[in-house]
Amino acid sequence: MSNSNSNSNSNSNSNSNSKKGPSYTNHNGFLMPFGFPAQNFSNALTYQSQPNDLFVATYPKCGTTLMQHIIYTMLNNDGVPIQPHERLDQIFPHLEEVGADYIDKCNSTGLNIRRGKRLIKTHLPYDWMKMGAKYIFVARNPKDCIVSFYHHTRGFPQHYDFENGDFDVFFELFCQGKVDFGDYFHTLRSWFNHRHDDHVLFVKYEDVCRDKRNVILQIADFIGGQELRQELLRNDECLMKKVLHHTSLEEMKKDPLRWCSERKVEHTPFIRLGQVGGWKELL
């Protein structure tokens with residue numbers, strides 16, 4: 001996340017018992033974490049997707065980082081994962097955080113381009129996007145999403161001021177769509193309605209956890225057709241084995257600064273459980 005300042009008003013939610021909720025940047029009614037420049041968000045909404053763009057689209061905490069790393073490792077040179085000195089947000093920039101102008105400039109640097117695909121992340125609903133690319137949307141059980149999102153929000157006090165926040169407060173706000181990036185159900189429905197479109201691959205996080213190999217083949221078919229599928233499977237599935245290994249929970253817990261800014265040691269790590277059914281700890 002960026003630490004740039006925003007000109008938008010701040011917004012702190014509270015429930016009926018006056019317990020403090022997270023603080024956000026309120027940009028014309030759309031809530032964002034502190035550090036997302038409002039001008040970049042507005043600029044992002046003007047972005048016209050290009051045919052060589054490949055988006056990972058999700059509601060927050062629905063498997064975004066995992067899907068980004070699967071795609072990156074699949075498309076990178078011989079299955080090499082993101083290295084400890086590299087940052088995912090530079091290789092796979094977040095449209096709403098950096099803005100359309102930044103994405104356009106990436107053409108000259110080539111930093112986020114792999115095999116001709118320009119890699120971009122978004123949390124926007126389908127109907128907010130200017131279509132023209134390919135989109136992989138990842139959906140997740142809302143109960144697992146809300147618990148993961150709660151830990152995420154507590155773990156970045158510089159962005160939410162919710163370090164000791166109460167889960168019941170967050171739960172109410174989530175259900176009302178009053179958290180950053182809005183209503184989970186609206187975002188999910190907007191992409192679900194286009195799950196059969198040729199330019200959308202709709203993936204369930206639970207399927208990734210249950211049978212990652214099969215999902216990787218689906219992604220390969222969607223991105224590069226038979227050529228990429230065959231590359232994954234040749235030489236005793238050498239590339240497939242690398243993707244599976246480097247995107248395992250154990251490997252992704254290593255070198256966490258690849259994924260996000262530093263978190264306090266007392267908070268849960270950014271890559272936490274990564275499992276199905278973790279909601280049972282709080283719900």
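Visitor: How many of the eight residues of strand S2 are buried?

Guide: A residue is called buried under 20% relative accessible area, exposed over 50%, and partly exposed in between, with a 1.4 Å probe and protein chains only. Six of the eight residues of S2 (residues 20-27) are buried, so this strand is largely enclosed by the rest of the structure. The model is predicted: local features need pLDDT of at least 70, side-chain atom pairs count only at pLDDT 80 or more, and totals for chains, interfaces and linings use all residues. Residues are numbered from 1 along each chain as its sequence is written, and side-chain values use heavy atoms, leaving out hydrogens and water.

Visitor: In which sense do S2 and strand S3 run?

Guide: Strands of a sheet pair through backbone hydrogen bonds, either parallel or antiparallel. Strands (E, at least two residues) and helices (H or I, at least four) are DSSP runs numbered from the N terminus, and two strands pair if DSSP finds at least two bridges between them. S2 and S3 (residues 30-32) run antiparallel, joined by three bridges; Asn 26 has Leu 31 in S3 as its bridge partner. The two strands form a hairpin with two residues between them, and Asn 28 in the turn has a positive phi of about 55°.

Visitor: What is the order of the strands in the open sheet of five?

Guide: The order is S5-S6-S4-S7-S8, with mixed pairing. Its edge strands, S5 (113-114) and S8 (200-204), each pair on one side only. Strand S4 (residues 53-58) pairs with S7 (residues 134-139) in the parallel sense over five bridges, and Phe 55 has Tyr 135 in S7 as its bridge partner.

Visitor: Which residues of helix H8 are buried?

Guide: In H8 (residues 167-175) they are Phe 167, Val 169, Phe 170, Leu 173 and Phe 174. Seen down the helix axis, these buried residues fall within an arc of 155°, so they line one face of H8; the arc is that of the directions from the axis to the C-beta atoms. At the start of H8, a side-chain oxygen of Asp 166 reaches to within 2.9 Å of the backbone nitrogen of Asp 168. Gly 177, which follows H8, has a positive phi, near 75°.

Definitions and conventions: A polar contact is a pair of N or O atoms within 3.5 Å; within protein, one must be able to donate a hydrogen and the other to accept it, and residues adjacent in sequence count only if both atoms are side-chain atoms.
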